[in-house]
Amino acid sequence: MDPCHFVRVLVGNLAVKSPPSSKPSFSGKVHPSTSSCFCEIKLKGAGSQRSHVATVPITSDTHPTPHSTAACFDFTKPQIEKLISSNKPTTITISLYMARSANSCSFFSSPKLLGKISVPIDFTIIDSKPATFHTGWVNLANANNKSSSAQSLHLTVRAEPDPRFVFRFDAEPECSPQVFQVKGDVKQPVFSCKFSFRDKNQGQFQSSSTNANHMAERKGWSITVHDLSGSPVAAASMVTPFVPSPGSHRVSRSNPGAWLIIRPHGDGTWKPWGRLEAWREPNSSNAVGYRFEVLPATADPVTLAGATISSQHGGKFTIDVATGVTPVSTPHGSWDLGSGSRSGSGSGSDFGLDPMLMYKGFVMSARVDGEGKCSKPEVEVGVKHVTCTEDAAAFVALAAAMDLSMDACKLFSQKLRKELRQ
């Protein structure tokens with residue numbers, strides 16, 4: 001089955017430069033982390049308004065413009081078709097601000113607007129090739145500045161195809177569900193999952209019918225992903241129990257629970273691929289925090305994702321590497337998921353990423369639901385990161401581990417559903 005069609009709009013390569021007639025209070029280039037300039041990037045005309053805030057480095061004529069991604073906006077094929085049929089303009093608006101005090105705690109309080117520009121996005125010209133809507137310098141203007149004397153902003157606005165495989169669980173991970181690959185209204189089974197409790201004495205995964213609820217810790221959970229032939233192709237195993245901090249009902253960030261995502265290594269052996277940690281945010285927060293790192297065989301662990309998800313409303317676990325170094329995926333593949341190109345997006349060369357890196361741009365996302373809801377994760381995986389069954393299965397196992405972590409991080413004053421109790 002072919003992958004689903006997605007389009008990604010990227011904004012980046014930001015830099016600000018004052019006109020030659022001005023006397024800037026800097027010399028050379030200022031690192032983005034110390035720059036007093038920042039911008040708000042808004043996507044307008046695409047249903048709900050989306051926005052990002054990013055710092056903007058200050059540069060001069062003697063220094064090259066930075067190469068980095070400041071914002072990404074993703075669209076599915078139905079969303080694009082709806083935008084085109086509506087004939088409503090879609091624009092990227094960039095508002096550049098100067099902070100009142102770069103050293104102040106209120107960095108973004110009452111900033112000064114330096115200027116604003118809008119770049120129209122024409123989805124009708126985006127097919128199988130990237131499209132650049134703007135790249136280069138532009139003079140900024142606002143009510144207080146004339147265009148001829150305003151600061152100049154450098155930016156690139158680009159859209160490109162970003163095909164993804166979409167996988168959907170047909171039940172909660174703890175119910176040992178099937179996993180389907182979907183495209184539109186068409187779906188076909190590709191994996192089955194087996195949830196179990198690990199027996200430490202035998203070192204194997206076994207199911208348990210015991211109804212005791214472990215109030216002191218949640219441990220020994222595992223989920224194994226099998227292909228259609230029944231062979232195991234990935235697994236997620238809880239290697240660090242989820243335990244409450246002393247005097248609390250919460251799993252703390254200082255002592256998180258952890259999963260090891262493993263993959264077949266041949267001859268019946270397995271090798272670690274990634275590690276997922278999760279915890280409950282402190283005080284009265286209803287957020288579950290997470291951190292995911294991959295475990296290259298010949299290098300130190302590399303953190304790919306870290307954020308929070310509302311335990312009440314759910315949210316998305318996302319690996320989206322707009323910048324930075326990421327690990328190489330499986331060198332040998334055993335199964336072709338589709339006929340789509342695996343060259344992926346071209347954002348690496350345009351936005352400062354090494355084109356030789358295998359994990360860049362959008363990697364994966366998984367939707368997880370909040371407490372009390374029937375959570376059937378839907379997983380999106382970038383086509384360029386899938387070359388074989390094991391690649392896809394590892395992401396599916398990771399999504400299952402994140403969904404189960406929402407239960408493992410549930411307050412220990414609350415009872416788990418029976419499928420999660422040994």
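## A hairpin to start with

Asp-267 takes a positive phi near 60° in the hairpin of S15 and S16, which has 2 residues between the strands. Strands, at least two residues of E, and helices, at least four residues of H or I, are DSSP runs numbered from the N terminus. S15 and strand S16 (residues 269-280) pair in the antiparallel sense over 9 bridges, where pairing requires that DSSP finds at least two bridges between two strands. Within this pair, Trp-259 stands opposite Leu-276 in S16.

Strand S15 (residues 257-266) is also joined to strand S14 (residues 232-240), by 5 bridges, and these two run antiparallel. Thr-240 has Ala-258 as its bridge partner in S15.

## Model and overall figures

This is a predicted model, in which local features need pLDDT of at least 70 and side-chain atom pairs count only at pLDDT 80 or more, while totals for chains, interfaces and linings use all residues. Residues are numbered from 1 along each chain as its sequence is written, and side-chain values use heavy atoms, with hydrogens and water left out.

The secondary structure comes to 3 helices and 21 strands. Of the 422 residues, 48% count as buried; buried means under 20% relative accessible area, exposed over 50%, and partly exposed in between (1.4 Å probe, protein chains only). The accessible surface comes to about 19,600 Å², and 50% of it belongs to carbon and sulfur atoms. Those areas come from the Shrake-Rupley method with a 1.4 Å probe, and for residues only the protein chains shown count as cover. Among contacts with a separation of 6 or more, 64% are between residues 24 or more positions apart, a contact being heavy atoms within 4.5 Å.

Strand S2 (residues 37-44) is joined to S3 by 6 bridges, and the two run antiparallel. Glu-40 has its bridge partner in S3 at Val-53.

## The sheet S4-S1-S8-S7

A further open sheet of 4 strands, with antiparallel pairing, has the order S4-S1-S8-S7. Its edge strands are strand S4 (69-76) and strand S7 (131-139), each of which pairs on one side only. Neighbouring strands of this sheet are turned by 10° against each other on average, direction ignored.

Strand S1 (residues 6-17) pairs with S4 in the antiparallel sense over 7 bridges, and the bridge partner of Val-11 in S4 is Ala-71. Helix H1 (residues 77-86) packs on the sheet and touches S1 and S4. The direction of H1 makes about 85° with that of S4.

Ser-152 is found in strand S8 (residues 152-161) and is buried, with a relative accessible area of 13%. The side chain of Ser-152 makes a polar contact with the side chain of Asn-139 (2.8 Å). A polar contact is a pair of N or O atoms within 3.5 Å; within protein, one must be able to donate a hydrogen and the other to accept it, and residues adjacent in sequence count only if both atoms are side-chain atoms. Not counting residues up to four places away in sequence, Ser-152 touches Ala-15, Val-16, Lys-17, Trp-137, Val-138 and Asn-139.

Asp-162 is found in the loop between S8 and strand S9 (164-169) and is buried, with a relative accessible area of 2%. The side chain of Asp-162 makes polar contacts with the side chain of Arg-164 (3.0 Å) and with that of Lys-384 (3.5 Å). Asp-162 and Phe-6 are 156 residues apart in sequence, yet 5.1 Å apart in space, C-alpha to C-alpha.

## Nonpolar cores

A nonpolar core is a set of buried Ala, Val, Leu, Ile, Met, Phe, Trp, Tyr and Cys residues joined through side-chain atoms within 4.5 Å. The largest has 61 residues, of which Phe-292 and Met-364 touch the most other members. Helix H3 (residues 389-408) gives the most to this core, with 14 residues. Apart from it lies another core, of 34 residues, among them Phe-73, Leu-96, Ile-121 and Leu-140.

Technical notes. Axes fitted to C-alpha atoms, helices over the stretch in contact; angles between N-to-C directions.
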